[in-house]
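Please keep the sequence and the 3D view at hand while reading.

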Amino acid sequence: MRPTLLALAIAMVLPASAFAKAERTTSHSFERTWPTAIRHIRIDEGHKIVDKDADAGYVVFEVVEKGKTYRGALELIRVGGDRPSLRLVLQIEDRPTYMESGLLD
């Protein structure tokens, strides 16, 4: 029981933004979503793309805010099943979750 309490106490002390991430699931195809996501990040939001790999389904980018640079990553994960879908997982280091949610929306 003590290790559980210790883990809970540590989790409560650490900043919430360090573990923040936003997720969305869509019925759109990867082929339709990938170029749209890249365009949105680069053109619409104006973030610098540092690395991307369509085969692996990820893009790494930088968010510059008030002179500070924050690293962001978007993963596009194909989800199989009766109705194939696509899960989008976005994380921006040291930024609140509402920023990630806003970018996904």
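Three helices and five strands make up the protein chain. The model is a predicted one.

**Chain as a whole**

- The protein chain has 105 residues, and 30% of them count as buried.
- Among contacts between residues at least 6 apart in sequence, 42% join residues at least 24 apart.

- The five strands form an open sheet with the order 1-5-4-3-2, and their pairing is antiparallel.
- Strand 1 (22-26) and strand 2 (48-53) are at the edges; each has a single partner strand, so one side of each has no neighbour in the sheet.
- On average, and ignoring direction, neighbouring strands of this sheet are turned by 20° against each other.
- Helix 3 (residues 97-104) packs on the sheet, where it touches strand 1, strand 3, strand 4 (68-79) and strand 5 (85-92).
- The direction of helix 3 makes about 140° with that of strand 5.

**Strand pairs and turns**

- Five bridges pair strand 2 with strand 3 (residues 58-65) in the antiparallel sense. K52 has V59, in strand 3, as its bridge partner.
- Strand 3 and strand 4 run antiparallel and are joined by eight bridges. The bridge partner of V63 is Y70 in strand 4.
- Two residues lie between the strands in the hairpin of strand 3 and strand 4, and K66 in this hairpin takes a positive phi near 50°.
- Strand 4 and strand 5 also run antiparallel, and eight bridges join them. For R78, the bridge partner is L86 in strand 5.
- The hairpin formed by strand 4 and strand 5 has five residues between the strands. In its turn, G81 has a positive phi of about 120°.

**The largest pocket**

- The space in the largest pocket comes to about 340 Å³.
- Its lining consists of 15 residues, and T33, T36, A37, L88 and L104 are those that lie nearest the centre of the pocket.
- Strand 1, helix 2 (30-44), strand 5 and helix 3 each contribute at least two residues to the lining.
- Helix 2 gives the largest share of the lining, namely six residues.
- By type, the lining residues divide into seven nonpolar, five polar and three charged.

**S85, in strand 5**

- S85 is part of strand 5.
- Is S85 buried or exposed? The relative accessible area of S85 is 19%, and buried means under 20%, so S85 counts as buried.
- Setting aside residues up to four places away in sequence, S85 touches T25, T26, I77, R78 and V79.

**V79, in strand 4**

- V79 belongs to strand 4.
- V79 has a relative accessibility of 23% and therefore counts as partly exposed, as this class lies between the limits of 20% and 50%.
- Apart from neighbours within four places in sequence, V79 is in contact with P84, S85 and R87.
- V79 and T26 are 53 residues apart in sequence, while their C-alpha atoms are 9.8 Å apart in space.

**A73, in strand 4**

- A73 is also found in strand 4.
- With a relative accessible area of 30%, A73 is partly exposed.
- Which residues does A73 contact, leaving aside its neighbours within four places in sequence? They are V59, V60, F61, V89, L90 and Q91.
- A73 and E62 are 11 residues apart along the chain, and 8.6 Å separates their C-alpha atoms.

Notes: Residues numbered from 1 in each chain as written. Predicted model: local features only at pLDDT ≥ 70, side-chain atom pairs only at ≥ 80, totals over all residues. Heavy atoms only, no water. Pairing = 2+ DSSP bridges. Helix = DSSP H or I, 4+ residues; strand = E, 2+ residues; numbered from the N terminus. Axes fitted to C-alpha atoms, helices over the stretch in contact; angles between N-to-C directions. Contact = heavy atoms within 4.5 Å. Buried < 20%, exposed > 50% of the residue type's maximum accessible area, 1.4 Å probe, protein only. 1 Å grid on protein atoms, 1.4 Å probe; cavity = no way out; pocket = protein on both sides within 12 Å on 5 of 7 lines; lining within 4 Å. Points joined across faces, edges and corners; volume = space filled by probe spheres on them. Nonpolar A, V, L, I, M, F, W, Y, C, P; charged D, E, K, R; others polar.
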